Amino acid sequence: MAWGSEARAFDVSATHVEWSELRALIAERVPERVLRRLAYTPAEELAHLRPNLKSLRTQLRAALKTTDRAAHDEAYAQLAPLYLAGVLCSGDPAEALEWLTSPVLRDAAWQRPDGSSREPSMRRVLLSLLLEHRDGAWQRDLAGRLAQWLPAAGDPRRWALTDGLAAWSGAKPPLSDGYVLGWVLRGSAISRDHARGRLDVREWFAELGWRPPVRHHATLLDWLRAQPRLAEIAPRLFEVAEVGTHFDDAEPDDAAAEVAQTADAAPEQSRAPENEWAGALAALAGEGLLDRGELLDLCLAKLLRGDRPGNLRGFVLLAERLDPSADEVSARLATFVALAGRGAGPSARLAQSALRELDAAGHLGSVTLAEISKTVLARPERNLVATQLSWVEAAVRRDRGSAPELLNAVSAAFNHPAVTVQERALRIVIRYLKHLDTEEVAQLHDAALKLDAVLRDEALRVLGGDPDGTGSSSQTPPPLLPAYQPAPAPEPVRCARELVELFESVLADGVTQASAQDIERILDGAVAEYDRDSLALAEALQPLAARFAPEVLDPWEQRALAGALRCLLWALVGEDRRAVVVMDELYGVTQPRPVPPDRAALYRVYELVENLGRVRIPGLLATPTHGDGSIDPEVLRFRLDRYERSAAAPLPCDLEQALLRVAVEDVQTILASSALLATPAGKELAALFAWGEGALPFFERFVIRRAATAQDGETGRHRAGAVQAPRIAPRFSAFHELIGAVDRPPSPITVLARIPDPDDVNLFAWNGSSTHAALWPSLLPFHPEVIAAHAIPVLYQQANDTARDRNALLPVLAQTAGWPGPVTHLALAYGLAAGRPENRTAAVDAMVTMAARTLLDARALGALCGELWASRMIKPNRLVHALDGAAQAGARREVFSVAVSALPALVSQPSVRGLADLLVLAADCARVADLHEEVPELAGLIALEKPSRVAAEARRLRRILGR
């Protein structure tokens with residue numbers, strides 16, 4: 001291989017390398033110098049260095065845990081040259097893979113000779129794999145191993161190494177999920193790299209003179225045309241997870257954006273067809289490079305299998321770009337019918353449109369149309385149903401002989417949850433009733449019994465039968481609110497084997513699914529079993545500790561609860577795997593902003609890690625005695641007495657958390673009656689808890705932001721450069737000054753009392769951490785308002801589609817022992833309008849639970865929802881859908897109160913989106929729950945000329961309330 005200009009940069013005067021020389025190069029921290037020194041020495045002549053490299057790797061890992069920050073930084077800076085040396089000295093591909101796949105080589109700082117640092121240079125790492133003494137078989141073997149190793153979630157940097165090896169050696173790496181996803185990510189970056197002047201690896205080889213010139217690819221379509229394995233990879237695109245999200249990439253081309261900015265014009269918010277995956281694949285199918293029929297079949301099969309909406313959108317876009325002809329749709333009729341009936345919403349709309357065009361071309365019979373209509377009209381999506389009704393009506397007008405079977409299909413909409421859909425279906429049936437015989441009318445009469453009560457009477461008068469007879473008597477009573485069942489009390493861990501099983505189940509999923517009870521049982525069981533027999537516990541936990549021991553200690557991981565629990569696991573077996581820099585952050589650094597409340601649990605875990613084996617811990621004080629996280633005060637007194645009898649001192653964070661789990665009125669009594677706490681530290685703690693509402697801030701008012709620029713909440717002065725989205729957020733009493741006045745390390749109180757600032761726009765513009773939000777309520781079971789305040793920024797982001805994570809907070813918050821106030825109701829309002837359906841479902845569960853416990857202030861919730869709605873802070877269709885779910889669950893009276901309480905904020909802008917749907921929901925709740933109430937706002941809505949539907953629904957609601 002001719003290295004060209006690169007070769008002249010290498011020092012090849014000496015071939016033998018002593019360990020002392022290489023160690024000095026690594027200590028210089030510059031990976032480039034290691035590469036230049038080792039590049040032309042065959043790996044077999046470097047074999048004597050391999051044990052030293054592995055030994056140094058162990059030493060540097062240990063140095064990362066040192067208390068000396070300078071020593072830690074020095075060890076970290078040597079990681080990149082060390083791992084690069086490991087790659088260069090590797091003998092077989094398996095050994096090279098071990099060094100290449102370490103996260104250190106991917107993430108460690110890559111220092112330059114001038115002392116500055118940059119991200120690791122993957123192409124310099126690639127050079128170490130393309131040396132003259134690495135033959136093609138070695139490189140092809142390594143490329144295959146790397147492709148198999150690539151994580152399914154994608155690793156673009158290691159994929160680039162695989163691709164470079166394949167381009168150089170002619171390897172055909174296995175099409176693993178990680179390799180295919182990396183290939184897709186590379187294709188998505190082609191146009192951006194072109195705009196920024198970045199070369200593909202094959203172009204890079206040609207520029208250096210190592211390979212013949214290759215064609216430059218400026219667009220995704222050009223790049224795909226040149227891919228030798230295109231036909232082989234294409235079917236895998238429909239099997240690998242998350243590929244569809246890249247098909248639906250709406251980011252504009254960089255080049256187009258730059259041109260638009262130069263011309264003072266806004267760039268288009270979509271890619272050009274040649275740089276869009278869906279458009280490029282469709283173009284390749286049109287050119288014959290891909291089998292069009294196979295591509296369409298694979299796409300439809302993927303849509304029929306279903307996936308999360310964000311991933312399906314890309315495949316829907318591909319199907320749209322393929323634009324199947326009438327013949328292609330006809331040949332796949334069963335698939336399109338199935339998609340229309342049971343596919344996800346976008347897939348169903350696609351199939352419905354294709355089938356409608358097929359019908360317009362005269363290739364779809366009335367029997368098939370009736371079959372399609374029965375399934376589509378049973379779906380909840382109103383836009384799909386409305387389109388289907390229009391289609392059916394047009395078909396009946398076109399062929400009156402098809403009326404019997406098509407009108408029978410229309411009756412499937414009589415059971416639709418939206419009354420407006422029922423009404424439209426009934427109008428179609430009545431309009432064409434004359435084309436039916438007596439028997440066919442009788443069938444429709446039976447179906448009409450499912451209609452809304454107001455519509456049912458009219459339908460039975462037209463279709464025959466007694467409107468006051470069968471129809472009225474068949475109405476089922478409204479569902480009742482479910483009886484509230486409090487969460488069961490946590491069961492203590494009874495033996496070491498049970499603790500091992502619980503530990504394993506929690507760590508296996510990264511703690512993301514663990515409940516507060518699981519965490520508390522682990523902490524309590526760990527202390528109890530350690531106090532009972534620490535050696536036996538260590539022996540029982542040893543296999544589990546070996547399973548979860550990482551190759552490299554990751555300080556970032558230990559900032560999370562999962563990493564903290566692993567540190568506790570190692571401490572129980574007698575090993576300390578903490579990174580001291582993490583401990584410094586947790587205990588010694590004041591956080592400039594509020595941290596997630598689960599940091600309080602993190603303090604308690606590391607408090608145990610710090611003290612296990614050093615002090616006697618008879619048992620934990622803060623273990624809850626009730627399912628909501630609270631502690632019986634008598635039990636806490638007994639636990640404190642046990643500490644006094646054992647002559648042991650309570651752990652500070654554990655004691656503080658225990659007091660936070662007791663009712664406010666019992667805290668002072670416990671502090672005053674315990675001789676154990678009659679110490680300076682105990683008196684300081686008593687003074688802290690004597691302030692305000694049990695050592696925590698109290699709600700003052702809501703801060704409402706509607707303008708585009710922020711204003712100071714007190715003085716009204718504009719803050720320079722602050723741009724805010726509209727929102728409502730709570731302001732609490734200034735407790736931070738008191739926390740700062742007490743000279744004490746961070747603790748549960750300092751975390752929980754630091755309420756998010758409603759004026760801090762960054763909290764509302766960027767996704768906060770809510771991974772363990774389900775744990776928060778148990779930290780303050782008597783203060784749901786404080787926990788709700790911590791959750792408001794994340795719930796706001798979820799309602800505005802700037803956060804895609806799941807939040808299981810609200811159902812747990814609804815079960816706490818405290819009284820939910822205005823902040824909890826604001827959190828519920830944001831939750832009911834969340835972007836993700838599962839988050840709305842969680843809010844509905846919380847609302848129903850609060851209603852069942854008679855803790856829901858429906859009027860206050862409605863007023864907040866109305867304010868959010870009128871100020872465009874939430875999307876009304878989501879809110880109405882969630883409220884409808886709560887009504888179906890039995891909270892019809894509460895939902896009605898929410899709906900009518902929202903009207904005062906909405907009547908001044910009757911054209912606001914979704915108002916008619918809210919009135920429909922209120923009418924349904926009033927009818928089923930037999931409610932009679934005067935709603936003053938209805939008079940103004942009824943008098944409206946436009947929107948006519950709002951006026952019609954207001955009249956209907958008043959008629960139901962007055963009957």
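Student: What makes α50 stand out in the lining of the largest pocket?

Tutor: In this predicted model, α50 gives the most to that lining, with eight residues. The largest pocket has a volume of about 1,600 Å³. Of its 40 lining residues, the closest to the centre are Glu381, Arg840, Asn877, Arg878 and His881. Besides α50 (876-888), the elements that give two or more residues include α48 (837-852) and α52 (915-929).

Student: How are the residues of this lining divided into nonpolar, polar and charged?

Tutor: There are 14 nonpolar, 10 polar and 16 charged residues. Asp, Glu, Lys and Arg count as charged, so a Glu or an Arg falls in that group. Glu381, Arg840 and Arg878, among the residues closest to the centre, are therefore charged.

Student: What lines the second largest pocket?

Tutor: The second largest pocket, with a volume of about 900 Å³, is lined by 29 residues. Met122, Arg123, Pro156, Ala160 and Asp193 lie nearest its centre. The largest share of the lining, six residues, comes from α11. The lining divides into 13 nonpolar, three polar and 13 charged residues.

Student: Why is the pair of phenylalanine 205 and tryptophan 210 called tilted?

Tutor: The ring centres are 6.2 Å apart, and rings pair if their centres lie within 6.5 Å. The angle between the planes is 35 degrees. Planes under 30 degrees apart count as stacked and over 60 as edge-to-face, so the remaining angles count as tilted. The pair is therefore tilted. Both phenylalanine 205 and tryptophan 210 are buried.

Student: Why is the pair of tyrosine 796 and tyrosine 830 edge-to-face?

Tutor: The planes of these rings are at 90 degrees and their centres 5.8 Å apart. Since an angle over 60 degrees counts as edge-to-face, the pair gets that name.

Student: What does the pair tie together?

Tutor: Tyrosine 796 is in helix α45 (residues 784-799) and tyrosine 830 in helix α47 (residues 822-832), so the pair ties together parts 34 residues apart in sequence. Both tyrosine 796 and tyrosine 830 are buried.

Student: How do you know that the charged end of arginine 211 sits over the ring of tryptophan 168?

Tutor: The charged end of arginine 211 is 3.7 Å from the ring centre of tryptophan 168. The distance limit is 6 Å, and the charge must also be within 35 degrees of the ring normal. Arginine 211 is listed as sitting over the ring. Arginine 57 likewise lies over the face of tryptophan 99, at 4.5 Å from the ring centre.

Conventions:
Residues are numbered from 1 along each chain as its sequence is written. This is a predicted model: local features need pLDDT of at least 70, side-chain atom pairs count only at pLDDT 80 or more; totals for chains, interfaces and linings use all residues. Side-chain values use heavy atoms; hydrogens and water are left out. On a 1 Å grid over the protein atoms alone, a cavity is a set of points where a 1.4 Å probe fits but cannot get out, and a pocket is an open set with protein on both sides within 12 Å along at least five of seven lines; lining residues have an atom within 4 Å of a point. Grid points are joined across faces, edges and corners, and a volume is the space filled by probe spheres set on the points. Helices (H or I, at least four residues) and strands (E, at least two) are DSSP runs, numbered from the N terminus. Rings of Phe, Tyr and Trp (its six-membered ring) pair if their centres lie within 6.5 Å; planes under 30 degrees apart count as stacked, over 60 as edge-to-face and the rest as tilted. Buried means under 20% relative accessible area, exposed over 50%, partly exposed in between (1.4 Å probe, protein chains only).
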